[in-house]
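Trainee: I would like to take a close look at a single part of this model and how it packs against its neighbours. Could you take me through it carefully once the structure is in view?

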Amino acid sequence: MTNKALFASLLATSALCLAISNPAAAASTSDRAREAIAAAEAKIHTAETMGADTAAPRETAGARATLATAREDFKTDHREDAIADAIRASAMADTAIGLTQQHKDAAIAAARDDQRATADAARDQVAAARSEAATAQEQTVAAQHQADEANARAQSAEQSAAASAASAAAARDAAATAAAQPPPAPVVQTTVTTHHATTVHRSVHHKPTPAKPPATGASHTTADDSTTTTTTVTPQP
């Protein structure tokens with residue numbers, strides 16, 4: 001819209017210059033003055049529509065004042081002065097339009113830069129948030145792994161404690177059973193050893209006398225024999 005208005009303004013200025021520079025083509029000086037004033041007024045209106053009052057206030061005000069002078073010249077039958085003033089007003093309007101367009105282009109470029117910066121900042125924030133989320137996820141996984149290991153150690157400790165308690169209970173039961181039973185009687189073993197003395201027999205002739213048979217189950221000893229009795233007591237475990 002702005003580019004079209006600017007192009008139309010420039011086209012009107014060119015047409016006005018051609019008409020003024022070629023008096024033969026114009027019906028009269030009055031007609032040329034009217035056309036110049038109308039063209040200047042159209043350009044000023046275009047500049048104001050584009051926002052020249054804010055972007056180029058001095059140029060816009062100058063164009064309005066010069067246009068007013070051209071109209072006054074036309075009323076007082078100063079047609080040539082009216083044409084010249086109208087051309088100056090158009091030139092001022094063109095300047096105002098150009099400055100306004102520059103301001104608009106700069107504002108659009110700045111807005112685009114701000115938009116890109118905002119988008120870049122948003123992407124950075126998203127990347128940072130994703131990185132934080134990934135770190136938090138890794139920490140959660142590590143914490144879960146540590147918790148699983150701690151639970152496994154606790155379970156193993158509980159099992160060991162249960163096994164120790166069972167062994168202690170079995171030992172107490174065995175001790176109680178052993179204490180309730182009387183100890184076994186010791187084994188008493190007696191050993192009897194007989195030592196026979198050595199005697200020298202001389203040849204003596206006696207009258208044979210019948211010998212008495214020895215008693216059954218008794219051992220025969222003489223006066224020269226010695227007997228040793230050994231008693232061993234072995235306690236039972």
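Is the crossing of α2 and α5 left-handed or right-handed?

Mentor: The crossing of α2 and α5 is left-handed, and since this is a predicted model, that description, like the rest of what follows, applies to the model. Helix α2 covers residues 29–50 and helix α5 covers residues 79–180, and the two pack with their axes 8 Å apart at an angle of about 20°. Because angles under 35 degrees count as roughly parallel, α2 is roughly parallel to α5. The residues in the contact of α2 with α5 comprise 15 nonpolar, six polar and six charged.

Helix α2 also packs against helix α4, residues 57–75, where the axes come within 10 Å and cross at roughly 160°; α2 and α4 are therefore roughly antiparallel to each other. Here, too, α2 passes its partner α4 in a left-handed crossing. From α2, the contact draws on Ser30, Ala33, Arg34, Ile37, Ala40, Glu41, Ile44 and Glu48, while α4 contributes Thr60, Ala63, Arg64, Leu67, Ala70, Arg71 and Phe74. Sorted by class, the contact of α2 with α4 holds eight nonpolar, two polar and five charged residues.

Of the 237 residues in the chain, 18% are buried, and among contacts with a separation of 6 or more, 80% join residues 24 or more positions apart.

Notes:
Residues are numbered from 1 along each chain as its sequence is written. This is a predicted model: local features need pLDDT of at least 70, side-chain atom pairs count only at pLDDT 80 or more; totals for chains, interfaces and linings use all residues. Side-chain values use heavy atoms; hydrogens and water are left out. Axes are lines fitted to C-alpha atoms, for helices over the stretch in contact, and angles run from 0 to 180 degrees between N-to-C directions. Helices (H or I, at least four residues) and strands (E, at least two) are DSSP runs, numbered from the N terminus. Angles under 35 degrees count as roughly parallel, over 145 as roughly antiparallel, 65 to 115 as roughly perpendicular and the rest as oblique. A crossing is left-handed if the near helix is turned anticlockwise from the far one by less than a right angle, and right-handed if clockwise. Ala, Val, Leu, Ile, Met, Phe, Trp, Tyr, Cys and Pro count as nonpolar, Asp, Glu, Lys and Arg as charged, and the others, Gly among them, as polar. Buried means under 20% relative accessible area, exposed over 50%, partly exposed in between (1.4 Å probe, protein chains only). Contact means heavy atoms within 4.5 Å.
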